[in-house]
Amino acid sequence: MNHLDFLNRILSHEKNYSFIFIFNLYAIHFCFQHKTGTADYSVRYKLCSRKGGGERDEYIFSSEYFANWKEIEAYTGLQNYHSIFDFTIGADYFPSIFRHDFTEKTLSVGFGGIYHFQNQRKIAYENDLVFNSYFKILTQKKFSFTAILGYGRKYAIVHELSSDALIDNTVMMGILLDKKFSNDFEIHYYLRNFDMYRFYLFDSTVHDFGCSGFVTDKIKIGGDLELKYPDQFGTAPYLNGLWLKFSAAYYF
């Protein structure tokens, strides 16, 4: 029985069926990081391949650039493949006036902004403006908790519909839990409804489970399992994205 016959048999029944479509994306990250007395710079390159279908069914290349000073974090990146081009730039500000050091923990509050442009060639293009606020707790045992709450506004133009922009508003949210051990091994869990090149509507979520550790004084390797659920809370949630990511970083 081929796929078309199977689908016709399913559709001919009166019962309702739900399907899970999972697309596997294998990603390899290479990172080069340099630290000075006042700043931390890093460059990251990523190569991905997707099996199956969906939005991406081809090789993807992206590059990101990060700079971290005492109170300011800035970053930018671009992603390009045959169907879609993405560009993102953003910055976060954690003023010292909103930082409080206690006996066993440090509390800090920050603010940030992101601009994202996406061009889906021959289909549509969109602009995303995001304004975020951050609340961080860092303990002396190297456990950190970060809560993200913000506002996003999406402007999209679909070429075949009209020249008028389609405007959507959404709430940007995220929770990051991170633990570093004495041997520099690190684990994290990141729950959010956006990532570097995708700014979804409120109900879509991304779950990221990861770990990393140093194999030498200058080389760090890691891995992540990332799950994406569109419309996880509003209607019937389903898993439509499964990513396996492998990373290697060199510090100099």
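## Close-up views of a predicted model

**Figure 1. The largest nonpolar core.** Twelve residues make up the largest nonpolar core: Y75, F94, I114, V130, Y134, I148, M172, Y190, F194, M196, Y197 and F199. A second, separate core has five residues, among them A27, I60, Y81 and I84. In soluble globular proteins, nonpolar side chains tend to be buried together. M196, a member of the largest nonpolar core, touches E64, Y75, T76, G77 and T88 when residues up to four places away in sequence are not counted. Of these contacts of M196, Y75 is also listed in the largest nonpolar core. The coordinates shown here and in the other views are those of a predicted model.

**Figure 2. The whole chain, for orientation.** The protein has 252 residues, and 37% of them count as buried. One helix and 14 strands are found in the protein. Taking contacts between residues at least 6 apart in sequence, 44% join residues at least 24 apart.

**Figure 3. The largest cavity.** The structure holds one cavity of 30 Å³ or more. The volume of the largest cavity is about 50 Å³. Its lining is formed by D128, L129, V130, G152, R153, K154, T170, M172, F199 and Y200. At least two lining residues come from each of strand 8, strand 9 and strand 10 (166–180). By class, five residues of this lining are nonpolar, two are polar and three are charged. V130, M172 and F199 line the largest cavity and also belong to the largest nonpolar core.

**Figure 4. The second largest pocket.** Twelve residues line the second largest pocket, and Q120, E126, K154, R198 and Y200 are the closest to its centre. The lining divides into six charged, four nonpolar and two polar residues. K154 and Y200 from this group are also found in the lining of the largest cavity.

**Figure 5. Surroundings of Q118.** Q118 is part of strand 7, which covers residues 105–120. Its relative accessible area is 4%, so Q118 counts as buried. The side chains of Q118 and Q120 are joined by a polar contact of 2.7 Å. With neighbours within four places in sequence left aside, Q118 is in contact with I84, F85, D86, A124, Y125, E126, Y197 and R198. Among these partners of Q118, E126 and R198 are also listed with the residues closest to the centre of the second largest pocket.

Figure 6. K122 sits in the loop between strand 7 and strand 8 (124–139). The phi of K122 is positive, at about 70°, although this residue is not a glycine. Most residues other than glycine have a negative phi. K122 counts as exposed because its relative accessibility is 80%, where the cut-off for exposed is over 50%.

Figure 7. K142 lies in the loop between strand 8 and strand 9 (143–158). K142 too is not a glycine and has a positive phi, of about 65°. With a relative accessibility of 43%, K142 counts as partly exposed, because this value falls between the cut-offs of 20% and 50%.

Notes. Residues numbered from 1 in each chain as written. Heavy atoms only, no water. 1 Å grid on protein atoms, 1.4 Å probe; cavity = no way out; pocket = protein on both sides within 12 Å on 5 of 7 lines; lining within 4 Å. Nonpolar A, V, L, I, M, F, W, Y, C, P; charged D, E, K, R; others polar. Helix = DSSP H or I, 4+ residues; strand = E, 2+ residues; numbered from the N terminus. Buried < 20%, exposed > 50% of the residue type's maximum accessible area, 1.4 Å probe, protein only. Polar contact = N/O pair within 3.5 Å; in protein donor to acceptor, adjacent residues only side chain to side chain. Contact = heavy atoms within 4.5 Å. Core = buried A, V, L, I, M, F, W, Y, C linked by side-chain atoms within 4.5 Å. Points joined across faces, edges and corners; volume = space filled by probe spheres on them.
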